[in-house]
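Keep the viewer open as you read.

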Amino acid sequence: MNFAIADNLQTSSGIVMDTSINEIPSISRPKWRKVAYGGMQPGFDDNNTHDSFLEDMVMNTNVVKRDMVKVMQDSVPISQYLCIVALVVLVWSYTLRTTLNENSLLIIDVGLLGSGFLVLLLTEEMLSLNLLHYFLNISFFTSGLYVLSPIYQTLTRSISSDSIWAVTVSLLVLHLFLHDYSGSTISAPGALKNPTLTSCISLNASVVASVFIASRLPSRVHIFAILLFSLQVFLFAPLVTYCIKKYSFRLHLWFSFGLMVVTLAFVCMLHKLIFVVLLGLLVFVTVVCPYWLIRIQEYKFEINGPWDEAKLVLI
Amino acid sequence: MGDQEIHRVLMVSDFFYPNFGGVENHIYYLSQCLLKLGHKVVVMTHAYGNRSGVRYMTGGLKVYYVPWRPFFLQNTLPTFYGTLSIVRTILIRERISLVHGHQAFSTLCHEALMHARTMGYKVVFTDHSLYGFADVGSIHMNKVLQFTLADVSQAICVSHTSKENTVLRSGLPPEKVFVIPNAVDTAMFKPASERLNGNEIVIVVISRLVYRKGADLLVEVIPEVCRLYPNVRFIVGGDGPKRVRLEEMREKHSLQDRVEMLGAVPHARVRSVLISGHIFLNSSLTEAFCIAILEAASCGLLTVSTRVGGVPEVLPDDMIVLAEPDPSDMVQAIRKAISILPNIDPQVMHFRVSAFP
């Protein structure tokens, strides 16, 4: 054992050991070993730092090197969804000012439904099998909304308009903050990821916001039309955009670009200040944030080593 | 070291008796050893339930149970200057010359070290656990540790892996960190006077049954080993949140006569449980220095353990069989241990462990 050898060395070369403790190790001094038994290793202090110190440390193994163009492309879904929400708010404000009447709203609804379905059919083959099933579901949903719309007419009659705007805005901000931008909460059958808690919360926030806005409208048909429009967009727009993205990335980029242009044009017609804010927000999300992320990525320092808690990979 | 200067040491930690664990034992035994050498030791900790005030323990060890309420996992509420008056009173009244803080997770320790350095006392810190770098709690704790250890005189770690971990977390120069492993009382942990019968192999597990100590691994390993070796019996001591899973496993595989669950084992009875076995199984996922395997080796058991943290450094290679923290690998290690078991002599093992100075 190491201890026995050390004992012999110490008795035979006592004077040499005493004077050469801090000098270049002579052949008689045993090697330092990284062990915690056997007490003090002869010739070495307790605070001796061997050359093998920290040699098992691994740095930055899981860090991904990011490319500016790729990060900008990945930020497109966020700005695209921002534009969609901006369009919905636009339609709400036009309806509340009675610029849009209920018939045009109904036409928009049917148009949206048709085009959404078309996109889904073109980009995903498995949906074409259950067309009747989906048609039945849609008709149940629509008739249910129509039957329930008188309830919403008097829902917030006793609440002042300011509270309604404040609650709606905060709910929409919550919705945007917690939204799942990578996929869709309502997934196509056979999708891999389950919806997370935050994406469910964001979906509920958007639905409640649209109910609040709908309750401010004068007649039943108005309420039905606006609710149908809002729910169509909030429930199915993520699914449609996800299908487009999966089908063809270039189509996704062009679609987003077109959407952004259309949104900015409409908002510009509505109110100049909001146009500036929206433009600034889109530039921030698409250009400033990726640059910032890449700049601070170089400070990342991930440390792994034998001291890490073991990860169990059990069923 | 020929100076006979008598030091008056203050040990500070949130963790002391009546709470039971490795840190508490370490502080107590270290204090007893220092008292035997002629130094004076005072321990400062927070009040446990009704136990508050000043108490005297064996050998004249004075313990201050400061009347502060613990708020999270036996830690006192961290108020930066709230402890200053009591710490100053104790330091001046006992004429302390050296302050020794234990365990990075203890808020009382950090505050006392900070106040002691403000007043110019010499300060030593001992770290007993390994911590990560990535989650929010660890990041916060490492920042506090950097702050406290910026000015410490020396630091002590219990194993070389722990030294690397502490140096990385706190930014201390490595020369300031001393590696002084924990010790076991070999007089208390003696093997059985007569050998156990050879036709049955008993594997002992004593640990807190929590996730950190690998209770999930045990749930996978025990049925497999019982299936492969009909003459193997398990004794599982200890209690915790994962005990339910072990009981379920026992019911599911009908191992009631082959797996014995003892519940929480008081420290005085640990030796009697250990000497009833041949092999000690340790499945923890992270350990700075596993004192349990040293106790098991002192009682003459062959150890099978997961290769994590500081465990590979604790025992020589012929007293321990290491495995990756994976059920199949652990079963292989138990197979190897069973095959080398006939060559193990408990008295020789105990003698070797007690020869570690």
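## Conventions

This is a predicted model, in which local features need pLDDT of at least 70, side-chain atom pairs count only at pLDDT 80 or more, and totals for chains, interfaces and linings use all residues. Residues are numbered from 1 along each chain as its sequence is written, chains are lettered from A and ligands numbered from 1 in the order in which they are written, and side-chain values use heavy atoms, with hydrogens and water left out.

## Nonpolar cores

A nonpolar core here is a set of buried Ala, Val, Leu, Ile, Met, Phe, Trp, Tyr and Cys residues joined through side-chain atoms within 4.5 Å. Buried means under 20% relative accessible area, exposed over 50%, and partly exposed in between, with a 1.4 Å probe and protein chains only. The largest core has 75 residues, and B:I222, B:F234, B:L246, B:L274 and B:L281 have the most contacts inside it. Helix 6 of chain B (residues 215-228) gives the most to this core, with 7 residues. Apart from it lies another core of 44 residues, including A:L100, A:Y152, A:I213 and A:L217.

Contact means heavy atoms within 4.5 Å. Beyond its neighbours within four places in sequence, B:F234 is in contact with residues including B:I203, B:I222, B:V225 and B:L281.

## Helix 9 of chain B

Helices (H or I, at least four residues) and strands (E, at least two) are DSSP runs, numbered from the N terminus. In helix 9 of chain B (residues 291-298), 6 of the 8 residues are buried: B:I293, B:L294, B:E295, B:A296, B:A297 and B:S298. Their cover includes helix 8 (270-274), strand 14 (279-282), strand 15 (302-306), strand 16 (320-323) and helix 11 (346-355) of chain B. Just after helix 9, B:G300 takes a positive phi of about 90°.

One residue of strand 16 of chain B is B:L322. Leaving aside neighbours within four places in sequence, B:L322 is in contact with B:S305, B:T306, B:R307, B:V311, B:P312 and B:A333.

## A helix pair in chain A

How do helix 6 and helix 9 of chain A pack? Helix 6 (residues 131-153) and helix 9 (residues 220-247) of chain A pack at an angle of about 125°, with their axes 9 Å apart. Axes are lines fitted to C-alpha atoms, for helices over the stretch in contact, and angles run from 0 to 180 degrees between N-to-C directions. The two helices are therefore oblique to each other, since angles under 35 degrees count as roughly parallel, over 145 as roughly antiparallel, 65 to 115 as roughly perpendicular and the rest as oblique.
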